[in-house]
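Dear colleague,

Please find below the structure that I am handing over to you, with its sequence. My notes on it follow.

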Amino acid sequence: MGVSSGASESLLPRAGGDGSLAMVIASTGVAVLGSFVFGVSIGYSAPTQSKIREDLQLSLSEYSVFGSIITIGAMIGAVASGHLADISGRKGAMRTSALVCIVGWLAIFFAQGAVSLDFGRFCTGFGVGVFSYVVPVFIAEIAPKALRGGLTTLNQLLVCTGLSVTYIVGTMVTWRMLVIAGLVPSIILIVGLSFITESPRWLAKVGRQKEFEIALQRLRGKDADVSIEASEIKEFIETIENLPKAGVQDLFNRAYIRPVIVGVGLMVFQQFVGINGILFYASETFVSAGFASGDLGTILMGCIQAPITAVGALLMDRSGRRPLLLISTSGLLIGSLMSAVSFYLKIHGLFLEQVPIIALAGILVYIASYSIGMGAVPWVIMSEIFPINIKGIGGSFVTLVNWSGSWAVSFAFNFFMSWSSSGTFFLFALVCAVAILFIVKIVPETKGKTLEEIQASMNSST
């Protein structure tokens, strides 16, 4: 659920000297290992496409299944994520996710055909479906409000780092050896979870009062006065608990419809700007643009994602969420149009020597723009807008929408590119334009507010 109150934030400078943020930083560091695995899982198919197809003699349609089946697993993981996190706790959900990912990576490593390959991909998909909900929620629930945006953005930073490692290392090692990039951090995550605290708000929600007080004190520092924050958390949870237990149908009640619209809308636009089609099939896209190989493009993509996501993390609690989203979607619009123009010129035999450069520049502008805002901010906002009584079911629903869109884009991308490469990117540009209007009209600014304040303001506006 939430973070510190305004009063507890005022204690932060005094408590900071005794290392009060050490547990927050350590807990965040462990949690985002799941985000790294998420990135590796998403990026795995980009540098390995031609190698896997050649080694296992897969057709394009068979490989499209491999490329997209991760999203089927992720959709199921998304459905389970909220309930799993509510029943077993945030740590329990991350532990389960990591174990399933380990099974998946081992299946891919030992795969001899499409069936075992797809099973492994499905398992890693289930894992990242859970991670994509639980990691940002866990970080938002343990972080002081002044740092919540930046710390939550570390989720996307590690996703991008995982992508970057996969893109770069994947051009140098076999596709089986690349499995290690996902397998090792999954194992480290399971070990690390034994040394960090559970979310205090989840502990309070399930009535584990003593553990709640200990966890909150560990997160804020041994000398910090957490009585006001603890009281506000308990009071808010007691108020929420007096409400009827929420079901899926309650998401569409007047009281919750605005956070649902904001969460679903951002996730729809995050996917339908085309990101997973480009990430999953980057290598083939560069080849179709005129490059002899996709290695240069995928390496450059890998090199820019993590640094620019880090810039976005630094700006998150300074500039706010909405400005980053608007800058990001505007850049996505420009990058999509550049890519569309490059393919249009190629189709019509115009400026053929310049076409690969325009395509590369367009995709790099696109990736940079996505990394600075649209990749991270929707997950940050998702972790902030739902009250705790519907956080599990609301978060699961929004995450399911995200992965459903991811599946649709990743599965259809190759077929759309076969239909019209320029038309595909013109469609992405149109989605970007609509996304800008949605952000301007609908999305609230959540910078500098406690989760309780955000949720109260969302309710008052319905």
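Which residues of α11 are buried? Please bear in mind throughout that this is a predicted model. The buried residues of α11 are Pro-259, Val-260, Val-262, Gly-263, Val-264, Gly-265, Leu-266, Met-267, Phe-269, Gln-270 and Gln-271. The helix itself covers residues 257–272, 16 residues in total. From its first C-alpha to its last, α11 reaches 22 Å, close to the 22 Å expected at 1.5 Å a residue. After α11 comes Gly-274, with a positive phi near 100°.

A positive phi is also found at Phe-351, where the value is near 50° and the residue is not a glycine. Most residues other than glycine have a negative phi. Phe-351 is placed in the loop that runs between α15 (321–347) and α16 (355–374). Because its relative accessibility is 57%, and exposed means over 50%, Phe-351 counts as exposed.

The surface also carries a nonpolar patch of about 570 Å². Its members are Val-169, Met-172, Val-173, Met-177, Ile-180, Val-184 and Ile-188. Helix α7, residues 180–192, gives the most to this patch, with three residues. Another member of the patch, Val-173, lies in the loop between α6 (145–169) and α7.

With kind regards

Note on methods: Residues numbered from 1 in each chain as written. Predicted model: local features only at pLDDT ≥ 70, side-chain atom pairs only at ≥ 80, totals over all residues. Heavy atoms only, no water. Helix = DSSP H or I, 4+ residues; strand = E, 2+ residues; numbered from the N terminus. Expected span 1.5 Å × (residues − 1). Buried < 20%, exposed > 50% of the residue type's maximum accessible area, 1.4 Å probe, protein only. Patch = residues over 30% accessible without salt bridge, like charges linked within 9 Å, V, L, I, M, F, W, Y side chains within 5 Å. Areas by Shrake-Rupley, 256 points an atom, 1.4 Å probe, with all protein chains shown as cover. Salt bridge = Lys/Arg side-chain N within 4 Å of Asp/Glu carboxyl O.
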